[in-house]
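Please look over the notes below with the model open. They go through the local features one at a time.

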Amino acid sequence: MNVNQSVPPVPSFGQPQPVYPGYHQSSYGGQSGSTAPTIPYGAYNGPVPGYQQTPPQGMSRAPPSSGAPPASTAQAPCGQAAYGQFGQGDIQNGPSSTVQMQRLPGSQPFGSPLAPVGNQPAVLQPYGPPPTSAQVTAQLSGMQISGAVAPAPPSSGLGYGPPTSLASASGSFPNSGLYGSYPQGQASPLSQAQGHPGIQTPQRSAPSQASGFTPPASGGPRLPSMTGPLLPGQSFGGPSVSQPNHVSSPPPQALPPGTQMTGPLGPLPPMHSPQQPGYQPQQNGSFGPARGPQPNYGSPYPAAPTFGSQSGPQPLPPKRLDPDAIPSPIQVIEDDRNNRGTEPFVTGVRGQVPPLVTTNFLVKDQGNASPRYIRCTSYNIPCTSDMAKQAQVPLAAVIKPLASLPPEEASPYVVDHGESGPLRCNRCKAYMCPFMQFIEGGRRFQCCFCSCINDVPPQYFQHLDHTGKRVDAYDRPELSLGSYEFLATVDYCKNNKFPSPPAFIFMIDVSYNAIRTGLVRLLCEELKSLLDFLPREGGAEESAIRVGFVTYNKVLHFYNVKSSLAQPQMMVVSDVADMFVPLLDGFLVNVNESRAVITSLLDQIPEMFADTRETETVFVPVIQAGMEALKAAECAGKLFLFHTSLPIAEAPGKLKNRDDRKLINTDKEKTLFQPQTGAYQTLAKECVAQGCCVDLFLFPNQYVDVATLSVVPQLTGGSVYKYACFQVENDQERFLSDLRRDVQKVVGFDAVMRVRTSTGIRAVDFFGAFYMSNTTDVELAGLDGDKTVTVEFKHDDRLNEESGALLQCALLYTSCAGQRRLRIHNLALNCCTQLADLYRNCETDTLINYMAKFAYRGVLNSPVKAVRDTLITQCAQILACYRKNCASPSSAGQLILPECMKLLPVYLNCVLKSDVLQPGAEITTDDRAYVRQLVTSMDVAETNVFFYPRLLPLTKSPIESTTEPPAVRASEERLSNGDMYLLENGLNLFLWVGASVQQGVVQSLFSVSSFSQITSGLSVLPVLDNPLSKKVRGLIDSLRAQRSRYMKLIVVKQEDKLEMLFKHFLVEDKSLSGGASYVDFLCHMHKEIRQLLS
Ligand SMILES: [Zn+2]
């Protein structure tokens, strides 16, 4: 079905366009595209910056002549729509689609044959353009771990045992607000099964059986990808022409173990390859002697450090791998920025791997969804499930349907098909998209997902050009773009009624703790102004969102704030067992109309409860009340709950303190992550049905059971914020900043998301903050632009290299103005019959996102050690499969990593030693539950920096430089005591000050005369009028602006006791909780791989 390319005529985006039937001109007219983000009906005709410059090219569909046969009648509907008209049936068993996208080699808009691995737009040829597959060949000197030198560690499985010295961490951290240590309560092991599938340990497939996979006949020489040490005698023959990674049946197991140490212990001189910068030794790296084991940290691999034996010059007992010779996250990030940050990423080519999330780049939508909306673990999927099982690379997409875009990129256009609604496939209900294939002169179209032949409605008819493409293809977003929206008809609405605008209800804990800390006063004061910034749409003068107010301790107080009242009226409901809403009229109001009454109420609330002695609170009845209020008002909405304590008052959802650290590392540890009672899930389900999303702001002084309290936010698409030991003077900036952002952010309400796939793969598992009542529909009471849903795919049939694989994510939601819409994202992926193509097109950051979510869900049902072992095994299998099937034959003493996955070990180690999977003594149960919950809906950029924090030196770069200083690796040995560093991970922000920092620097930044006078734990830098102060404060502001939550600053001095807290984030080092150093983990991984291969 190869089709001649046709570069379309000049695209009509930005030009006057003829009126097409069913295409409501009025919706697009006259508005400037550059203001699209705030315009509900994007200016489709308007100038779209960038879009005109590069005409959409190369997208052409095959003429109908040789199309696949009409869908057979054998297919039965599978899956029932549980949600009105949305997605009825889900039939994807048709013959494989013949639609494909191609691009003339010369028309590739981006990328060149010289681009680094994974960057090439993989086009039609199954074996892609040249030499993509450099390997990382880190020669782990003396890595005969399986030999006699390093006996396997004892019983704890793979030597990756549980932290044995949990209690050994001496001293407790000062209360930083990060890890407050709370009094502990008694245990009450409870097991509320959550219905999540347990962790399944991937089966170890015999590496020798390459079923369904035929090794290519000849393997070309590899392209050197790195300048690290290479085995002597291993020569690179220059760029290979094809299949560089493929080697014919290397028999690694034939190599005698223990004899692979052919090289000297030290690295060979770097070999620079012309095109591939690879990673280079970093600045202060030197091999060997300088680096002993870090003091005070127990080694998780007792025997691992004893590598090699002879030639090392250093007297220290353990010889360590040179940290500069192993893949560096910093270098990979830097290389990608340099190589891919300068050109826009154009989405017209199927299966292109996007730049890393750490690279700034612009996206031009030419038929596939932007990576801001969808990122995949691999952009080239194995054709068969056998191959997929062999490789063990999870096939997953991280989808952020409402992602916000930079101002340079236009929001999705809104398409209005009038009363007929969006055009869909009759059988699988997929929405019209660029991959649908028009046939029979344009009178019918074949579905690219299920191959069903559909009639084109008369009002949608359009002629085809000589290539079989509709002549209006570039005038219609749904025929030319990867992402767009449809206005939904009444058929897509609950009860066949268009929705009312949503409402926000603020529900404020006024118990003793909330009053005492000043929280209530602060919050009420802030709300007075914040209510002017409720989300608006389309340049509307005021928000359509109505607001309501409730306060509570062990009873609830509702407020009538009707505009006609002189003063607000309070109604108390003390029967919390059977919650009802005592008033309807006057509870939800328009802010502007009721402003005086609302202001009066917010003034009075702190006074009314100023003398309260009530310490007990309820929780479930509060949410119940909010949900009932929305139900009565027949609208969706959001509850903002401000809560301080464990709800121990007599009421539904009453909790007890069941925190018990003794459960850590036992089989019962999972109960700490499970909700204490089923009442919360039942409530969440009701909330979802009502489109009631819950955002929870917690202000605990002690254990509040975050695992239970976060169930409702989690299942309703809401957010949880936690401010331990809240004090107004220390935490108000962070809280208010989070609150402002949370209240203002654009939310889609009462949403349902469905992911359709072309024949051969199927979405089988979902991760994120949502609820599912069946196996296909992701139900979200609310969805904001920060939330992601991770979807895993499995094969249910053979895929076809020619047609590739398609995903279509459809999100039905109510906008904040009450408009019902469908947002559609399409993505086409390549399919391969060679494993090397899979490994060439992977995205490690996305893989880690998936693996972390998989593991964090696993702890609900399995011991954390089992979860960690599963991750390690899977990682080893992924890398062993590569080694066996794709790498050149070489010494088994070498660790060979795929170029695209060379950071997999370091990043995976960060996941393994994270607080959830390997808690340190200072981490509370609530902290772990909180983080677990947060990670569940993080996007790829967030998990990337969360697991591997950024560490930025402050005085290395010129003072006048306005760019961010280049980061250094997260290891103590990268810290110079004459410098200062900022460390951030998206949640925490530290300023580490070396003990030998120049006095002038100390003066400029802290306004004190010496290091010793700097206040440890300081959270605000003085505002000083000098270049350094301005620069550092500016950098802090800029880091904060990049993250979805406010990061409170903590100043840490070298050798100070707070430093322990900071070191927790130096993730390449061994951790106090027993987490391995990067070097040790890499050795361990190498050993695992060798075991699999032998
Ligand atoms: Zn279909």
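This is a predicted model: local features need pLDDT of at least 70, side-chain atom pairs count only at pLDDT 80 or more; totals for chains, interfaces and linings use all residues.

1. Local features are described where pLDDT is at least 70, and side-chain atom pairs count only at pLDDT 80 or more.

2. Strand S13 and its parallel partner. S13 spans residues 546-552. The strand is mostly covered, with six of its seven residues buried. Strand S12, residues 503-509, pairs with S13 in the parallel sense. Seven bridges make up that pairing.

3. The hairpin. S13 also pairs with strand S14, residues 556-560. Here the sense is antiparallel, over three bridges. S13 and S14 form a hairpin, and three residues lie between them. Which residue of S14 is the bridge partner of Thr551? It is His557.

4. Ala544 sits in the loop between helix H5 (519-530) and S13. Its relative accessibility is 32%, so Ala544 counts as partly exposed. Ala544 and Pro501 are 43 residues apart in sequence. In space their C-alpha atoms are 6.0 Å apart. Setting aside neighbours within four places in sequence, Ala544 is in contact with Pro501, Pro502, Cys816 and Ala817.

5. Strand S19. This strand covers residues 747-757. How many of the 11 residues of S19 are buried? The count is 11 of 11. S19 has an antiparallel pairing with strand S21, residues 778-784, through six bridges. Ala751 has Leu780 as its bridge partner in S21. S19 is also antiparallel to strand S23, residues 805-814, and seven bridges join these two. In S23, Leu807 is the bridge partner of Thr757.

6. Met753 within S19. Met753 belongs to S19. Is Met753 buried or exposed? Its relative accessibility is 1%, and the cut-off for buried is under 20%, so Met753 counts as buried. Met753 and Ala810 are 57 residues apart in sequence. Their C-alpha atoms lie 5.6 Å apart in space.

7. Helices H7 and H8. Two packed helices are described by the angle between their axes and the distance between the axes. H7 spans residues 620-632, and H8 spans residues 679-690. Their axes come within 10 Å and cross at roughly 20 degrees. Angles under 35 degrees count as roughly parallel, so H7 is roughly parallel to H8. The crossing is left-handed.

8. The H7 and H8 contact. H7 contributes Val620, Ile623, Gln624, Met627, Leu630 and Lys631. These meet Tyr680, Leu683, Glu686, Cys687 and Gln690 in H8. By class, the contact has seven nonpolar, two polar and two charged residues.

9. Positive phi angles. Most residues other than glycine have a negative phi. Two residues deserve a look here. Lys429 is not a glycine, yet its phi is positive, at about 70 degrees. Lys429 lies in the loop between strand S7 (414-415) and strand S8 (437-439). Asp705 is not a glycine either, and its phi is positive at about 65 degrees. Where is Asp705? It is in the loop between strand S17 (692-698) and helix H9 (706-709). Asp705 counts as buried because its relative accessibility is 0%.

10. The open sheet. Four strands make an open sheet in the order S26-S27-S28-S29. The pairing is mixed. Which strands stand at the edges? They are S26 (950-953) and S29 (1048-1053). Each has a single partner strand, so one side of each is left without a neighbour in the sheet. From one strand to the next, the twist averages 20 degrees.

11. Pairing of S27 with S28. S27 covers residues 980-984, and S28 covers residues 988-993. They run antiparallel and are joined by five bridges. Tyr981 stands opposite Trp992 in S28.

Notes
Residues are numbered from 1 along each chain as its sequence is written. Side-chain values use heavy atoms; hydrogens and water are left out. Axes are lines fitted to C-alpha atoms, for helices over the stretch in contact, and angles run from 0 to 180 degrees between N-to-C directions. Angles under 35 degrees count as roughly parallel, over 145 as roughly antiparallel, 65 to 115 as roughly perpendicular and the rest as oblique. A crossing is left-handed if the near helix is turned anticlockwise from the far one by less than a right angle, and right-handed if clockwise. Contact means heavy atoms within 4.5 Å. Ala, Val, Leu, Ile, Met, Phe, Trp, Tyr, Cys and Pro count as nonpolar, Asp, Glu, Lys and Arg as charged, and the others, Gly among them, as polar. Buried means under 20% relative accessible area, exposed over 50%, partly exposed in between (1.4 Å probe, protein chains only). Two strands pair if DSSP finds at least two bridges between them.
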